[in-house]
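Dear colleague,

I am passing on a structure that I would like you to look through with me. Please have it open while you read the notes that follow.

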Number of protein chains: 2
Amino acid sequence: MTSVDWVAGKVRFIDQTKLPDQEVYVETTEYRRVGDAIRKLEIRGAPAIGVAAAFAVVLAVRQSHVSSPSAIEKELTRVVGELSATRPTAVNLFACLSRMRASFARLHNAESDLIREGLLQEALAIQREDAEACRIIGEYGATLLSAGSSILTHCNTGALATAGQGTAQSVITTAAKLKKIARVYVDETRPLFQGARLTSWELLKEGIDLTLITDSTAGLVMQQKKVDAVIVGADRIAANGDAANKVGTYPLAILAERHGVPFYIAAPTSTIDRATPSGAAITIEERDPSEVTHVRGIRIAAEGVKVFAPAFDITPAALITAIVTERGILKQPYNVSIAGLAVREGGNHA
Amino acid sequence: MTSVDWVAGKVRFIDQTKLPDQEVYVETTEYRRVGDAIRKLEIRGAPAIGVAAAFAVVLAVRQSHVSSPSAIEKELTRVVGELSATRPTAVNLFACLSRMRASFARLHNAESDLIREGLLQEALAIQREDAEACRIIGEYGATLLSAGSSILTHCNTGALATAGQGTAQSVITTAAKLKKIARVYVDETRPLFQGARLTSWELLKEGIDLTLITDSTAGLVMQQKKVDAVIVGADRIAANGDAANKVGTYPLAILAERHGVPFYIAAPTSTIDRATPSGAAITIEERDPSEVTHVRGIRIAAEGVKVFAPAFDITPAALITAIVTERGILKQPYNVSIAGLAVREGGNHA
């Protein structure tokens, strides 16, 4: 199952809002359809959003009939702006769009067909690298877990959320293959039930022993000493290690600390945003109130009620035991370990 | 609006599972219908359950055609046993059923009509005393709040949950009349949405500025310093002050402590169970998995998923800033302040 893919000149994605009841695949040549899908969470998960946006840029540039590099650049700038506005928090979106621009910059003297092909190759590279990062994250993360571990996770960080086998979920499935996983507690993840709908569906297919709980049952489960580690993903990690992730992550980190349970974040380095000094600088997206007041179009809440519906919260670096990336396991102090990544990266590119 | 009442020989209650969309009142002379209502949460809220159970005993004794005191006692014992099995955690249920038995014990030499009338009077006294306790709890609790307070609450503790104006919610509405309430954050309270459906509905009618949030948004709201106090109810308070309340209360108490926010419990003394030494001795009810996997009959979760669905969790006494009762505000150490209540009670009855 591939969340988002390039198939014969089209972007193909699974509509995650319809899962697990219906497996509906959408194929489109319209970059705006991809943008809508990101906005509506038909495509979701920070890495998957980044890959989808890169493919959307390819679609846009193929759709346009301009041929001069400057006209292509103008089109690219417009489309990147449009796609950047779909969701504000996950940095992978911006990172992937930047890569597409940088790719164009390297190609800008080429013929238009070569530019278009070059952009496609860049998007495919982003996809491939994400899949590879997922695999390595799983291997690194699994080393953190002992045999018989009981894990708690939040939201969805599986294949659906990435171009590969997931981030936090890759740790779980990789560790499961090593017989390290006894049980997984899955937070249902209100308001959009990514845990109940997506993570449960994916883990059931993997044959992993999972137990679904409401988000606020996590306290009791930890109090009863049923959890050995909390592992979640991230949508943006600041230079100091503060991490934005699905709302409800911060309370889990506090609960984990209180109960002496390690709290791990698993994310590709593309989720790290060195330009954001700390969590305070991360914009938290607010979603439409109807996502809280309604379930499947049925109103649950009292009519006329005001809603605060942030999609994310910020977990301070101090609460994070380790950050598992495809370039190794980062430890405290994160400002140092994250800066260390940058130095190595600079070295590679020099 | 009265959650449960005695009207012309019948128990009349509002079916809380249908709120806020439909205001359906049920009238019945069948005690089993009342027991079912408690089991299905048509009647819910620890104090309201207690009052309903007392009325159910009256119905049962009136329905039965036995007339000898010993036959009535046998019937009473059977019915009390049946009603006791409806829900295991809220102690008010057991306390009220004990009061009904004690009332019978005082009357057991009387004629059957007098016994029936005496039991009705006892149930009405329970109802009246609960309403009065709610009013006084509101007044005591309001003294704890400063002007312009922003409150966070969980589940429903209003008129629906009691025979009066509520417990924690009575504190909120009483303080609001004193212009002390700037804003109330209401946790939606999964899985049955008592916050979204019931508390929101009740507070909107009171004209209070309320904001609905998903349960796990409470962390962000506190992190953003938007909460001055957390006030919740309780279903059972142990002799040491540990308190069982709707699942999700314990994480709130931990969040409150972490953010330096006072955490108050408001409950009538009938919720205190001196026979339970600590929270570890409280039975936590587990509900049907379908309450988590389905919303309004529509399946949300992946098919075949296993669920852990506790209705309550336990907040350790150490996390509770004060317990507001109709007999005053209890403070740490609760084993002493709760024992003090018992001494005074003994004194009153002597």
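Where in chain B is the place of Pro191(B)? Pro191(B) is found in the loop between strand S5 (181-187) and helix H7 (194-205) of chain B, and the bond that joins Arg190(B) to Pro191(B) is a cis peptide bond with omega at about 5 degrees. Helices here are DSSP runs of H or I with at least four residues, strands are runs of E with at least two, and both are numbered from the N terminus.

Before going further, please note that this is a predicted model, in which local features need pLDDT of at least 70 and side-chain atom pairs count only at pLDDT 80 or more, while totals for chains, interfaces and linings use all residues. Residues are numbered from 1 along each chain as its sequence is written, chains are lettered from A and ligands numbered from 1 in the order in which they are written, and side-chain values use heavy atoms, with hydrogens and water left out.

The loop between S5 and H7 of chain B also holds Phe193(B), which has a positive phi of about 60 degrees although it is not a glycine. Phe193(B) counts as buried because its relative accessibility is 4%, where buried means under 20% relative accessible area, exposed over 50%, and partly exposed in between, with a 1.4 Å probe and protein chains only. In chain A, Phe193(A) lies in the loop between strand S5 (181-187) and helix H7 (194-205), has a phi near 60 degrees, and is buried with a relative accessible area of 4%. A cis peptide bond also joins Leu19(A) and Pro20(A), with omega at about 0 degrees, and Pro20(A) belongs to the loop between strand S2 (10-14) and strand S3 (25-28) of chain A.

Chain A contains eleven helices and 17 strands, and its C-alpha atoms fill a box of roughly 65 × 55 × 35 Å along the principal axes. Buried residues account for 61% of its 350 residues. Among contacts in chain A between residues at least 6 apart in sequence, 75% join residues at least 24 apart.

Within chain A, strand S7 (residues 229-232) sends Ala229(A) and Ile231(A) one way and Val230(A) and Val232(A) the other, and all are buried. S7(A) pairs in the parallel sense with strand S4 (residues 149-153) over two bridges, two strands being paired if DSSP finds at least two bridges between them, and Ile151(A) stands opposite Ala229(A). Three bridges join S7(A) to strand S10 (residues 263-266), and these two strands also run parallel; the bridge partner of Val232(A) in S10(A) is Ile265(A).

In chain B, an open sheet of three strands has the order S1-S2-S3 with antiparallel pairing. Strand S1 (4-7) and strand S3 (25-28) stand at its edges, each with a single partner strand, so one side of each is left without a neighbour in the sheet. The twist averages 25 degrees from one strand to the next, with axes taken as lines fitted to C-alpha atoms, for helices over the stretch in contact, and angles running from 0 to 180 degrees between N-to-C directions. Four bridges join S1(B) to strand S2 (residues 10-14), and Asp5(B) stands opposite Arg12(B) in S2(B). Helix H2 (residues 46-63) of chain B lies across S1, S2 and S3 of that chain, running at about 30 degrees to S1(B).

Finally, H2(A) is mostly covered, with 16 of its 18 residues buried.

With best regards

Key
Contact = heavy atoms within 4.5 Å.
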